[in-house]
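Hi everyone, thanks for coming. Let me put the structure up on the screen, and then we can walk through it together.

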Protein chains: 2
Amino acid sequence: MRSRDAYVELVNLVQRAHALATAGDLLGWDEQVNLPPGAAEQRAAQHAAVAEAHHGWASQPRIGELLAALEADDTLGGAERAVIANARRDYDRATKLPADFVQEKARQGSRGYHAWARAKAADDFGGYAPVLEKNLEFARREAAYLGKAEAPYDYMLDKHDPGLNAATIATLFDELKGELVPLVREVTASPVAETARAASRRLRGFPIDAQRQFLREVTTAVGFDYDCGRIDVSLHPFCSGTGADVRMTTRYQENQPLDALFSAIHETGHGLYEQGLPREHLGTARGIAAGMAVHESQSRLWENQIARSRGFWRHFEPRWRQLFGSQAATVDADELYLAVNAVEPTLIRVDADEVTYNLHIILRFELEQRLFSGELRVADLPSAWRAASRELVGLEPANDREGVLQDVHWSDGAFGYFPSYCLGNMIAAQLWHRMQEVRTDLDTDFAKGDFSWVLRWLRENIHAHGRRFGTMELIKRATGEELSPRHLIAYLRERYGELYRCAK
Amino acid sequence: MRSRDAYVELVNLVQRAHALATAGDLLGWDEQVNLPPGAAEQRAAQHAAVAEAHHGWASQPRIGELLAALEADDTLGGAERAVIANARRDYDRATKLPADFVQEKARQGSRGYHAWARAKAADDFGGYAPVLEKNLEFARREAAYLGKAEAPYDYMLDKHDPGLNAATIATLFDELKGELVPLVREVTASPVAETARAASRRLRGFPIDAQRQFLREVTTAVGFDYDCGRIDVSLHPFCSGTGADVRMTTRYQENQPLDALFSAIHETGHGLYEQGLPREHLGTARGIAAGMAVHESQSRLWENQIARSRGFWRHFEPRWRQLFGSQAATVDADELYLAVNAVEPTLIRVDADEVTYNLHIILRFELEQRLFSGELRVADLPSAWRAASRELVGLEPANDREGVLQDVHWSDGAFGYFPSYCLGNMIAAQLWHRMQEVRTDLDTDFAKGDFSWVLRWLRENIHAHGRRFGTMELIKRATGEELSPRHLIAYLRERYGELYRCAK
């Protein structure tokens, strides 16, 4: 068989399986947005059926034959080789894990979730510890099946961000931590912090319909294409779908008008990435996101660097005041901008602002590393969490519910997932720095309501490449330098230092 | 292998395939309700992937082995035998049609749809005739593959309503036609007809939000379980889903407030049937609808016999007036009831009232019969249509757009589908007659807002049986007599004769 024919056949099989996987994704979206309360069991059966059909396609021997033939061919171009390498990665994951292991792990994930929910409600870490032990064992076994027995945590990290490993992340996080901890102390000690929080608290009674209208105008203005996507309501905001069918969600509360808006802008960042992937390559390495960290960089960039900027609010504030007359009148322009950039240390990661959020992630990364190395025993996790929280966030949880039991992730074995959030912040800051070098008057663009240059730059430098390059290479190509935390540090110092009048 | 084991395995495979099919149904629902305009191509790829995966499962040789073993066992009970027979029916359809025929037919269906849309826009039957020729040929070939070469139209009818054939339907329709044509002439000649239409026309400017509220209260009151279903908006109303996840749609227009309501009640009838199927048997003959005609009987019964009754409006009229104060004030109670039961012959089937609708169906059934027998050539269809329309509906279309080109069904080869609509009306009337024999004061129940007896009776006599019995047997069991048009005739004579003061 000619390589060209084999390649075309491989791409066809990969895209067909991807279409089936995205049908499964739609089931997931619908479950969060539309599912009648009584239909959970039926939906589970549909999910299982689509997942099983997808696994059947993704593991068919023909893919293995095509891969073997194509991997032996050194005449193929870089894009093709990336497609083949990613197909190999998926194929190995589909074929090297024994069926009974996959089933057992899925059951354990479901049991783990319920055990976690119970343990959290009862503040009973003892009821959760066996789940964590088991999930760590499953992660190690999974890594071993994929030939990574010697570095199971690296395997978990690489699952979410191809090419990344714990040593690289540790170096980045250590540098970030050294700068961030004192910055948070300075910012929160500033008298301005209380002014910002007080302004936030005055934003009450914002009608949902007007919130929806404003959010729609904002997300459209930054470039979300509603001909190829939509936004709905769910309990937790998320973004699903790809290409021409991107499904975002947000949630509305009258007394937290900035929450729905910034959630939606965050999801818009994810959505713009998915809408910007090359349509003809959807499902192959040329048409899927580079990884979790890069995905998060897109959402954070739009949410933080852009939508919390002065220029952005210079443009949107008049419309905001027009839509929310009496409610908006409780804050002046400076107070609004402070409310948008309020900083408050909290024990709870999901409530954290953009400065302290990174510290919550570093805490989790360090504990995951120590759990996988064996240095930290599960039984000692609560006390290790408390110590780390005190050191990093400056607060110590009074109970495990606000400590080690707060997150759902570990309950179904999603280790190595947290670091992507903080890496995403770093990447966003580095992309932002590079963009500002190329175009120095972005804030003026924003003040005119023009976000097109940023989107075009991201389309060309990030979205167009899909997963062709590893995370680190993609960022180096886009910014001309290795990924580093210094741009995030500089960005936070500049924005929050200025706003909270901290001396450097 | 023991029969019990084989049976359990068969049911498992059937239900698994059904779960995948319903995932495909959700893609269809979502396409009508949610799909962003730019996502049509992506959705088509998802549809194709799910359909292909489903076909792979539905045609797996293991099902054939199990069927062969189980069909040889005469110790199984009636319910089990029905499950096996229906699985055989599905398996034969999945395996006896060659893959290239199925693909060619799908392509022809898509081409046919677009050719029909163009021909209808241009009023050009000549551009549509080759499509019909081709679709007739495909229908004959399909019947031949399934061993029904000698009776292709019977095969098409049986596809929608297991066990029914053209001779049976012709006998029923001939009797109905003989009574219905003069009844329509009487009703439409009545001076009351214009009063009814004038009342309808005065119902204008009904706010959509209040329409939605009223519709929700009505559908809840008749028994739709919103914990196991929902209602949304689409261009054309439909009902999709099954069991604990039934998805209905309607559409709202301020100047046609009865349209959204009766569309929703119609779909509620379908939805109550799907919600009433035995959950543990979903996907097997014990947990799927008996057929199209019985399905339509459920929608028509709720829409017509029940929701156009005096008792129903005695209960709901006060709330209707409360919600639509000034708009509702344009009609008094009698006029509202006339508007609900307005009769007006029209050339267009989908605009027809419940009396004349049946004549539109009989017209199509007779033409389909003659097309399949070869008695009528496609080229002569427009003139045959005009003649039949004059004879049955009493109106002759001035062009083919309002005649033979009005329906989409034939464009993708859906012959034998129309009769189900009229059979559904007959079945509804016969069930209604039987219910009134058992419980004589149903109108009093309705006037109190109590619809529970009807729903319980339908649950026990129709829904609980799924597809265990053929259409004719199911109706005979439920009503104690063979299906006959006389109950429909009597019902229409009684309601419309009284209302329009026609002498019998």
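Through which surface do the copies meet? Well, 100% of the interface residues of chain B are also interface residues in chain A, so the copies meet through the same surface; contact here means heavy atoms within 4.5 Å.

Before going on, some housekeeping. This is a predicted model, where local features need pLDDT of at least 70, side-chain atom pairs count only at pLDDT 80 or more, and totals for chains, interfaces and linings use all residues. Residues are numbered from 1 along each chain as its sequence is written, chains are lettered from A and ligands numbered from 1 in the order in which they are written, and side-chain values use heavy atoms, leaving out hydrogens and water.

Back to the two copies.

Next, a buried arginine. Arg89(A) is found in helix H4 (residues 78-96) of chain A; helices are DSSP runs of H or I with at least four residues, strands are E runs of at least two, and both are numbered from the N terminus. Arg89(A) counts as buried because its relative accessibility is 17% (buried is under 20%, exposed over 50%, partly exposed in between, with a 1.4 Å probe and protein chains only). What does Arg89(A) touch, leaving aside its neighbours within four places in sequence? Its contacts are Asp158(A), Lys159(A), Pro162(A) and Arg467(A). With Asp158(A) there is also a side-chain polar contact of 2.7 Å, that is, a pair of N or O atoms within 3.5 Å, where one must be able to donate a hydrogen and the other to accept it, and residues adjacent in sequence count only if both atoms are side-chain atoms.

Asp123(A) is not a glycine, yet has a positive phi of about 50°. This residue sits in the loop between helix H5 (99-122) and helix H6 (129-145) of chain A, and is partly exposed at 28% relative accessible area. Over in chain B, Asp123(B) has a positive phi of about 50° too, in the loop between helix H5 (99-122) and helix H6 (125-145).
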